[in-house]
Amino acid sequence: PVGHDPHAQHVPDGGGPVGCAEGAHERHRDPYELHRVDPHAPTVASRAATWDAPAVSEARTPADPVALPDGIETPAVVVDVDRLDRNIAGWAARLGGREVGLRPHTKTSKCLPVIRRQVAAGAVGLTVATLGEAEVLAAAGLGPLFQAYPLWAGTPARAARLRALHERAELLVGVESAEGAAALGRAVRGSPRPLGVVVEVDPGLHRPGVAPGEVAAVARAARA
């Protein structure tokens with residue numbers, strides 16, 4: 001859930017994004033590795049519907065069912081890598097044609113091989129929801145990173161983790177209050193470089209973000 005301690009969201013055996021496989025997810029395999037399966041393997045009773053990423057004006061419609069090989073114990077994640085790569089390239093091309101840098105939100109896949117494909121396709125950075133997600137991606141050598149959900153660094157443990165991450169990775173953090181900006185500043189005080197922050201503005205959805213009339217006060221606090 002949003003706002004909970006990111007450590008509580010880590011999966012077992014490493015605390016990183018969940019593993020994914022192209023077909024059967026076998027227990028002895030590396031959960032961070034994609035494995036290709038034979039597309040002509042025998043089908044089983046269970047079938048998985050997959051979708052291509054639609055154009056902006058198109059509705060989502062299910063594609064033909066994918067034939068799964070025997071021996072898969074469900075539930076299991078099955079990835080059609082050809083479609084995955086086509087979708088990644090398609091979105092990169094759409095935004096690239098508009099001269100817009102793409103920072104895909106990694107909470108969508110939580111899968112390092114997928115994220116690496118997005119970076120290889122030209123993503124200018126990666127978006128995360130939690131400090132824990134940012135730590136995992138930084139450890140994998142991925143970035144630059146943008147923590148979209150405003151980060152509260154007002155506890156000693158959280159402040160120490162933020163500072164350590166800031167000093168080893170290129171990090172940008174969202175902020176929505178003067179108090180939050182001040183806590184971020186205290187956490188990184190004395191670092192060799194400043195921490196980049198973005199003031200999150202509430203466009204009327206009343207979720208994270210500061211009211212438009214309070215943006216200047218938050219920005220001044222972030223610069224202090």
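Which residue stands opposite Val 175 in S4? The views below are of a predicted model, and the second view gives the residue in question.

**View 1. An open sheet of four strands, with parallel pairing.** The strand order is S1-S2-S3-S4. Strand S1 (126-128) and S4 form the edges, each pairing on one side only. On average, neighbouring strands of this sheet are turned by 25° against each other, direction ignored.

**View 2. Pairing of strands S3 and S4.** Strand S3 covers residues 171-175 and strand S4 covers residues 196-199. The two strands run parallel and are joined by four bridges. Gly 174 has Val 198 in S4 as its bridge partner. Val 175 stands opposite Val 199 in S4, which settles the opening question. In a regular strand, side chains alternate between the two faces of the sheet.

View 3. Four bridges join S3 to S4.

**View 4. Arg 94 and the ring of Trp 91.** The charged end of Arg 94 sits over the ring of Trp 91. The distance from this charged end to the ring centre is 4.6 Å. As for pairs between aromatic rings, the structure holds zero.

Note on methods: Residues are numbered from 1 along each chain as its sequence is written. This is a predicted model: local features need pLDDT of at least 70, side-chain atom pairs count only at pLDDT 80 or more; totals for chains, interfaces and linings use all residues. Side-chain values use heavy atoms; hydrogens and water are left out. Rings of Phe, Tyr and Trp (its six-membered ring) pair if their centres lie within 6.5 Å; planes under 30 degrees apart count as stacked, over 60 as edge-to-face and the rest as tilted. A charge sits over a ring if NZ of Lys or CZ of Arg is within 6 Å of the ring centre and within 35 degrees of the ring normal. Two strands pair if DSSP finds at least two bridges between them. Axes are lines fitted to C-alpha atoms, for helices over the stretch in contact, and angles run from 0 to 180 degrees between N-to-C directions.
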